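Please open the model in a viewer and keep the selection panel at hand.

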Amino acid sequence: MYAYNVGGDLLDILIQNQIDRSIPYKNIIMRCDEYDIQPISENDFHIRKYKNGDENYWAEIECKIGDFSSVEEAKNYFVQKYNSDELAEKCFFAETSDGKVVGTCIAWYDNKDDDVVSSLHWLAVLPEYQQKGIGSALVIAVMNYYKGNDLLPVYLHTQPWSYKAIKLYYSLGFNIQHEDTFGNYKNEYQEAKEILMNYLPVEILM
């Protein structure tokens, strides 16, 4: 997860978006081993792939949900991390019928020991468009890409304050890993479990 400092303006954004960043941060690793391609339910929006200039939409969305302190910071991160021709196939956006870009998710990869593994990056939906099935549609689009290209299993990294997203990931076949990890993440399952007991059903944590 990208590190940032929570200043006054950003704290206001987090409160407005009902993201409780006071929940302790612990690394949570999830993995999906089996997945069948699913239809994407699009209601007043559609899922499309990256095109030139979409880094600006990505930065605006990520800033508005509180993952970066400024649009410029988010854009710089995106350009440095994802400066690749692969973006056109691996970066997905949700766009409303009137052309507003309201969500994003990236089908990327990370190192795992001496291998490279698939990893879902940066699921984000503008606060006013959440709870409309857009996040689910974005994850399905990413997972359909992975399945269609025989790129399972898929990993992702998250944290306790994203417990609502964890429910979504679980519903689509991801399971919290007790020991497994990828990239440079330290698996903090035991510590995270104690926190998430207050927010998630026991079966998701097992």
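Two rings of Phe, Tyr or Trp (for Trp, the six-membered ring) are taken as a pair if their centres lie within 6.5 Å. In this predicted model, the count under that rule is 18 aromatic pairs.

Select tryptophan 58 and tryptophan 122 to begin. Their ring centres are 5.5 Å apart with the planes at 80°, so the pair is edge-to-face. Tryptophan 58 belongs to helix α2 (residues 54-64) and tryptophan 122 to strand β5, so the pair ties together parts 64 residues apart in sequence. Both tryptophan 58 and tryptophan 122 are buried.

Next, select phenylalanine 78 and tyrosine 82. Here the centres are 5.4 Å apart and the planes stand at 50°, so this pair is tilted. Phenylalanine 78 is buried, at a relative accessible area of 2%; tyrosine 82 is buried as well, at 1%.

Now display the strands. The open sheet has 7 strands in the order β2-β3-β4-β5-β6-β1-β7, with mixed pairing. Its edge strands are β2 (45-49) and β7 (175-176). Strands β1 (residues 28-32) and β6 (residues 154-158) pair in the antiparallel sense over 5 bridges; cysteine 32 stands opposite valine 154 in β6.

Finally, select the helices. Helix α5 (residues 134-148) lies across strands including β3 (91-96) and β4 (101-112), and runs at about 160° to β5 (115-125). Helix α6 (residues 163-171) lies across β1, β5, β6 and β7, at about 20° to β1.

Methods: Residues are numbered from 1 along each chain as its sequence is written. This is a predicted model: local features need pLDDT of at least 70, side-chain atom pairs count only at pLDDT 80 or more; totals for chains, interfaces and linings use all residues. Side-chain values use heavy atoms; hydrogens and water are left out. Two strands pair if DSSP finds at least two bridges between them. Helices (H or I, at least four residues) and strands (E, at least two) are DSSP runs, numbered from the N terminus. Contact means heavy atoms within 4.5 Å. Axes are lines fitted to C-alpha atoms, for helices over the stretch in contact, and angles run from 0 to 180 degrees between N-to-C directions. Rings of Phe, Tyr and Trp (its six-membered ring) pair if their centres lie within 6.5 Å; planes under 30 degrees apart count as stacked, over 60 as edge-to-face and the rest as tilted. Buried means under 20% relative accessible area, exposed over 50%, partly exposed in between (1.4 Å probe, protein chains only).
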